[in-house]
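Hello,

Here is the structure for you to look over. My notes follow below it.

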Amino acid sequence: MSNILEVTDLEVTYRSRSADLVAVQDVSFSVGRGELVGLVGESGCGKSTTINALLRLLPRAGRVTAGMALLDGHAGPLDLLSVDEKRLRDVRWRDIAIVPQGAMNSLNPVMPVGKQLADGVTAHRDASTPEVNERISELLNLVGLAEETTGRYAHELSGGMKQRVCIAMALMNRPALVIADEATSALDVIVQRLVAQTILDARDKMGTSFIVIGHDIGLMAQLVDRIAVMYLGRIVETGPVIDVLTDPKHPYTELLLASVPEVGKEAPAVQSGGLVASPVTGGCAFRERCPEAMEVCAAETPPVRRRSGGGEFACHLDRHG
């Protein structure tokens, strides 16, 4: 297995009183070793549902109804979606870890930071106190925090410090893959840059692969190697980040880029019109908001086309890859 993670045809369904709702459909992507992959899209498009499905952390109403997610961890490849619960508990935080959305509220308020970091190690393997303390010191240095942080409680830390503690916690067992879910949200631009640099340092110094989830396509451009654009439960475009951002093939990717204000540009940022199509109807889910929609978009699911520089896009418009 050449990639650290290979997700194939993932489908997630939520139960409701009236009907089951398919929230994520036909999602396929991979993450290479030491690679940063960005998953971007507006709120409600299925980004967090996708990664919660991989970690089997879906709410009670949600369930994975199709697909595979092969992770090449310490014990070799295994399917995260079918492995038994006991094995999954061993894998989480050892082979695959997460910096959760709302990480600033994820720390235990009555436990010092050092104890929380230590628990991440001792829960998965036998380690001496000096070994654990050395690992904590190493990681705090990596994320740019003073060693005295170990004795502090969550309420004594700033938002950026809490975020970096959560990144250190995710890295405690040297996992092959870390998922950073909105790791820079609710932070000012200076702290966003610090957190982004922390992720880059972890990749460069530890070889850790990352899936970075977010809305900020500008930050993604500076951070990730490849990008996947998601809309209404489907990935509509993938490819090397520079190729996708400089030569977008899907109209939704174009809309995302046009909605970002540019410094010195007098024209206002573009706003999309139309309504979001129902995910239970056929055709292209973006058709109601697409300025280039055609009759076929309402009748048929868009074909998946290859990009010339690598990656894919799902659209009836053939833009020659």
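Five strands, β2 (21–32), β9 (226–231), β10 (234–240), β11 (304–306) and β12 (312–314), each give at least two residues to the lining of the largest pocket. β2 supplies the largest share, six residues. Strands here are DSSP E runs of at least two residues and helices are H or I runs of at least four, numbered from the N terminus.

This is a predicted model: local features need pLDDT of at least 70 and side-chain atom pairs pLDDT 80 or more, while totals for chains, interfaces and linings use all residues. Numbering runs from 1 along each chain as its sequence is written, and side-chain values use heavy atoms, without hydrogens or water.

The pocket has a volume of about 460 Å³. Of its 29 lining residues, D26, I235, V236, V304 and A314 are the closest to the centre. The lining splits into 15 nonpolar, eight polar and six charged residues. (A pocket is an open set of points on a 1 Å grid where a 1.4 Å probe fits, with protein on both sides within 12 Å along at least five of seven lines; lining residues have an atom within 4 Å of a point.)

Now the overall fold. The protein has 10 helices and 12 strands. Its radius of gyration is 20 Å, close to the 20 Å from the globule rule for 321 residues, so the protein is as compact as a globular protein of that length. (The radius is over C-alpha atoms; the rule is 2.2 Å times the number of residues to the power 0.38.) Buried residues, under 20% relative accessible area with a 1.4 Å probe, make up 49% of the 321.

Best wishes

Technical notes: Grid points are joined across faces, edges and corners, and a volume is the space filled by probe spheres set on the points. Ala, Val, Leu, Ile, Met, Phe, Trp, Tyr, Cys and Pro count as nonpolar, Asp, Glu, Lys and Arg as charged, and the others, Gly among them, as polar. Buried means under 20% relative accessible area, exposed over 50%, partly exposed in between (1.4 Å probe, protein chains only).
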